[in-house]
Amino acid sequence: MEKNKSLLKYNTFAIDVDAKYFASFTSFNDLKEIATTKEFINENLLVLGGGSNLLLTKNVDALVLKNDILGIQILKENKSTIDISVGAGENWHEFVMFCVKNNYGGLENLSLIPGNVGAAPMQNIGAYGSEIKDTFLYLEAFNIEKLQLESFTNKDCQFGYRESIFKKELKNKFIILKVVFRLNKTPHQLNTNYGDILKEIELLNIKNPTIKDVSNAVIKIRTRKLPDPKKIGNSGSFFKNPIISKNDFLKLETKYPKIAHYLISENEVKIAAGWLIEKAGWKGKTINNFGVHKNQALVLVNYGGANGSEIHELSNEIIADINLKFNIKLEKEVNII
Ligand code: EPU
């Protein structure tokens, strides 16, 4: 157990605040032992995976638990599928690369997403037409109150767009320890419908793409558009893409015929928040050492040494401005601590 520990290394936004207490664990038994300490019993808890989806705005008055459970295990396989269990502390992208290398399909569209495996189900990470709910089988998590392991099936997790039960009713009640995926063997069902992937594969002149080609295409697109958290602090998309009614959309479209959008049901349209933020003039805006990324307006960035509460203020200004200009209320995707 450490005291007053800097969290700079533990969050991809690279915000330098202290945790009142800090402990890491590499196994269920480790965690059970930590659970007997007075700090675990008396303090608030904050569980960190890769720290890739949070903005720290002040010193953290809590016991910060760093999940370092590693290991990839094949549980069972048949001719067409394979069930793989992964420790929550494994790096997400390295796990995806392991799957691509071994020709296990289903996660290739989710290449290069920062963070750890344990955080992935929390917000049902998604990109380029795939979400983890598409391949997720179940997870095991530690019940903080009852101090026991519990399993959650795909249905139990109540996955939605960047949502799960762990962000709602069960927020702060469980610590995810391992996640099991059911992946596909050949022939793979590729998901290359997302415009950018199609374009990239055509550009590379590939006729019969493999999961490796799709993964490479995603890596190319992400590298072009999204800042590398190792170089520029960020937490990926700061806001969710808002969903509005078709009626409201049709009104907007008459005013802004080029508005980037996707029809998600008969009556609902998802609007690209990046488009709205760019249109409102925020893209690339820099205030001292932080701002809005120049290639993807959904991403707020810390160029070094920025203060989390200032970035939080900027995000609120953007929300107010988008509300004023488009009458759409953006929601944050990132957890504000
Ligand atoms: N756009 C703009 N300006 C911008 C950014 C985007 O006009 O600054 C337009 C683009 O031209 C495009 C549309 O918006 O027409 C969509 O852009 P993009 O393909 O980059 O995707 P997104 O909707 O902005 C979402 C996810 C990303 C994910 C991509 C690809 C959310 C909140 N974000 O972004 O996820 O990588 O789709 O699937 O849903 C993340 O969650 O951290 C993340 C990066």
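K185 is found in the loop between β12 (174-184) and α4 (195-203); helices (H or I, at least four residues) and strands (E, at least two) are DSSP runs, numbered from the N terminus. The model is predicted: local features need pLDDT of at least 70, side-chain atom pairs count only at pLDDT 80 or more, and totals for chains, interfaces and linings use all residues. Residues are numbered from 1 along each chain as its sequence is written, and side-chain values use heavy atoms, with hydrogens and water left out.

The side chain of K185 reaches the backbone oxygen of N78 at 2.9 Å. Not counting residues up to four places away in sequence, K185 touches E77, N78, K79, S80, T81, I82 and N103 (contact means heavy atoms within 4.5 Å).

The ligand is surrounded by 25 residues, the closest being Y128, Y161, Y194, S237 and E278; a residue counts if one of its heavy atoms lies within 4 Å of the ligand. Domain 2 (72-184) and domain 3 (233-336) both give residues to this shell, so the ligand lies between them; the domain bounds come from an automatic or database domain assignment. α5 (211-225), β13 (233-237) and α7 (273-279) each supply at least two shell residues, and α7 gives the most, with three.

| Protein atom | Distance |
|---|---|
| K283, polar side-chain atom | 3.1 Å |
| Q296, side-chain N or O atom | 3.0 Å |
| A297, backbone N or O atom | 2.8 Å |

The protein covers 83% of the 820 Å² of accessible area that the ligand has on its own (Shrake-Rupley method, 1.4 Å probe).

Technical notes: Polar contact = N/O pair within 3.5 Å; in protein donor to acceptor, adjacent residues only side chain to side chain.
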